[in-house]
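Good morning, and thank you for joining this group meeting.

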Amino acid sequence: MKLVVTLLFASLVSLSFGQKVEDLFRASDTPIHWLGVDFSKVQLVGDFSQFGEAGKKSTIEIKNRYFPGWNELILNERDKYDIKGMIRKEHIIYSVEMVSNINATAATEDMETHNARIFSRQDIERHVQHYQPESKSGIGIVFIAEVLNKAETEAWFHFAAIDLSTNTVLLTERLRGTPAGIGLRNYWAGAIYDIIKEIKDRKYREWKSKHSRS
């Protein structure tokens, strides 16, 4: 009986220290991790050619070359792809290994489509339940790619803030980015930049007003 009570108490203590959505918007010691851009469920619509170079790229090449390339841009050009400024944090931990591994194992057979599906919040919640983050402390920030649509000149991503101790989604929103740039890598990186700027300039304030108790 004593053992049962002890385990129950430990469980309650553990739950009480879980992150809350308002932790994202207030000054605290909560570690914030940038997990990267998760392309493992992305849908590709239209012609994915390398502009000005050889023709259409296969889904295998996009997975093997461009998924890591887009994430590397964010790591290598941190002033431009301003994750810290986006969520008003002076310190960000870049913890991209998990998402990089997930992207590397993405299925490519059905990646190309003419009828892209919109992901629901439940889809996002189910997806991140499979995450095995490098750290179980703090909040993880991830962009989950829904569709890169060349035909409509747009990309849709889901911003998600996750309690890393439980993989609970604290906040998620579907956001549209406009691609821009020369070359396939830069073109779609432009959509990621567009979403980072949208969050930095507008969405962060909206989310803070709605969720912060400070």
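**From one tryptophan to the whole chain**

Let us begin with Trp34, which lies in strand 1. Please bear in mind throughout that the model is predicted.

Is Trp34 buried or exposed? Its relative accessible area is 1%, and the cut-off for a buried residue is under 20%, so Trp34 counts as buried.

Which residues surround it? Setting aside neighbours within four places in sequence, Trp34 is in contact with Ile74, Ile83, Ile92, Ile93, Tyr94, Ser95, Val96, Ile141, Val142 and Phe143. Consider Ile141 from that list: Trp34 and Ile141 are 107 residues apart in sequence, yet their C-alpha atoms are 5.0 Å apart in space. For the chain as a whole, take the contacts with a separation of 6 or more: 71% of them are accounted for by residues 24 or more positions apart.

Next, the aromatic residues. Trp34 belongs to one aromatic cluster, together with Phe39, Tyr66, Phe67, Trp70, Phe143, Phe157, Phe159 and Trp207. How many aromatic pairs does a search of the whole structure find? The search finds 12. I shall describe two of them in detail. A pair of aromatic rings is described by the distance of the centres and the angle of the planes.

Phe39 lies in the loop between strand 1 (32-38) and strand 2 (43-45), while Phe67 lies in helix 2 (residues 59-76), so the pair ties together parts that are 28 residues apart in sequence. Phe39 counts as buried at 1% relative accessibility, and Phe67 is buried with a relative accessible area of 1%.

Another pair is formed by Tyr66 and Trp70, and this one is tilted: the centres are 5.8 Å apart and the planes make an angle of 40°. These residues are 4 residues apart in helix 2, so about one helical turn separates them. Both Tyr66 and Trp70 are buried.

Arg78 lies over the face of Tyr94, at 3.9 Å from the ring centre. Tyr94 was also named among the contacts of Trp34. Likewise, Lys150 lies over the face of Tyr187, at 5.9 Å from the ring centre.

The largest pocket has a volume of about 300 Å³. Of the 14 residues that line it, the closest to its centre are Ser40, Lys41, Ala106, Ala107 and His127. By class, this lining has 6 nonpolar, 5 polar and 3 charged residues.

The second largest pocket has a volume of about 210 Å³. Which of its 14 lining residues are the closest to its centre? They are Ser28, Thr30, Lys89, Glu90 and His91. The lining of this second largest pocket divides into 6 nonpolar, 3 polar and 5 charged residues.

Finally, let us step back to the whole chain. Its secondary structure comes to 6 helices and 6 strands. Along the sequence, these follow the pattern α-β-β-α-α-β-α-α-β-β-β-α. Of the 214 residues in the chain, 50% are buried, and Trp34, where we began, is buried too.

Definitions and conventions. Residues numbered from 1 in each chain as written. Predicted model: local features only at pLDDT ≥ 70, side-chain atom pairs only at ≥ 80, totals over all residues. Heavy atoms only, no water. 1 Å grid on protein atoms, 1.4 Å probe; cavity = no way out; pocket = protein on both sides within 12 Å on 5 of 7 lines; lining within 4 Å. Points joined across faces, edges and corners; volume = space filled by probe spheres on them. Nonpolar A, V, L, I, M, F, W, Y, C, P; charged D, E, K, R; others polar. Phe/Tyr/Trp six-rings, centres within 6.5 Å; stacked < 30°, edge-to-face > 60°. Helix = DSSP H or I, 4+ residues; strand = E, 2+ residues; numbered from the N terminus. Buried < 20%, exposed > 50% of the residue type's maximum accessible area, 1.4 Å probe, protein only. Lys NZ or Arg CZ within 6 Å of the ring centre and 35° of its normal. Contact = heavy atoms within 4.5 Å.
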